[in-house]
Amino acid sequence: MPLMIAPVGIDLSIKRITGEEKVRRHLEALGIVPGRPIQVLSYTRDGLILLVNQSRLALDKDVARNIYVEA
C-alpha cells in the first residue's frame, strides 16, 4: 500500500521506493530503504511525520507518494 494511506501507529515494512533517482537517494540518506521498519506517527496538512530508526522525520506528500509499505 502507498505510505500516504497507511494507518497511524502500526509497524510497517518498506517494500518499494519509486520515483526519480534523486528522490530515491535522498530517502536512502534518511534511512528510508526497502526492508526497513517504519511507522506513521501523524498526518499533517503538507505531509506526514514518520518514525524511522528511532528518529522522527517529516516528509512532504510528494516525496511520501514514492514509498510503498506493508503491515
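The sections below proceed from the overall fold to single residues.

## Overall fold

The structure is a predicted model. The protein contains two helices and five strands. Read from the N terminus, these elements follow the order β-α-β-β-β-α-β. The radius of gyration is 11 Å, close to the 11 Å that the globule rule gives for 71 residues, so the protein is as compact as a globular protein of that length.

Along the principal axes, the C-alpha atoms occupy a box of roughly 30 × 25 × 20 Å. Of the contacts with a separation of 6 or more, 55% are between residues 24 or more positions apart.

## Surface and interior

Of the 71 residues, 32% are buried.

In soluble globular proteins, nonpolar side chains tend to be buried together. Here, the largest nonpolar core has 18 residues. Those with the most contacts inside this core are L3, I32, I38, L50, L59, I67 and V69. Two or more core residues come from each of β1 (12-17), β2 (37-43), β3 (47-52), β4 (55-60), α2 (61-64) and β5 (67-70).

L27 belongs to helix α1, residues 21-29. With a relative accessible area of 0%, L27 falls under the 20% limit and is therefore buried. Apart from residues up to four places away in sequence, L27 touches I17, I32, L59, V63 and I67. L27 and L41 are 14 residues apart along the chain, and 18 Å separates their C-alpha atoms.

## An exposed isoleucine

I5 lies in the segment before β1. Is this residue buried or exposed? The relative accessible area of I5 is 61%, which is over the 50% limit, so I5 is exposed.

I5 and R65 are 60 residues apart in sequence, and the distance between their C-alpha atoms is 9.5 Å.

## Aromatic rings

How many aromatic pairs does a search of the whole structure find? The search finds zero. One ring does have a charged residue over its face: R16 lies over Y68, at 4.2 Å from the ring centre.

Terms used. Residues numbered from 1 in each chain as written. Predicted model: local features only at pLDDT ≥ 70, side-chain atom pairs only at ≥ 80, totals over all residues. Heavy atoms only, no water. Phe/Tyr/Trp six-rings, centres within 6.5 Å; stacked < 30°, edge-to-face > 60°. Lys NZ or Arg CZ within 6 Å of the ring centre and 35° of its normal. Helix = DSSP H or I, 4+ residues; strand = E, 2+ residues; numbered from the N terminus. Rg over C-alpha atoms; globule rule 2.2 N^0.38 Å. Buried < 20%, exposed > 50% of the residue type's maximum accessible area, 1.4 Å probe, protein only. Contact = heavy atoms within 4.5 Å. Core = buried A, V, L, I, M, F, W, Y, C linked by side-chain atoms within 4.5 Å.
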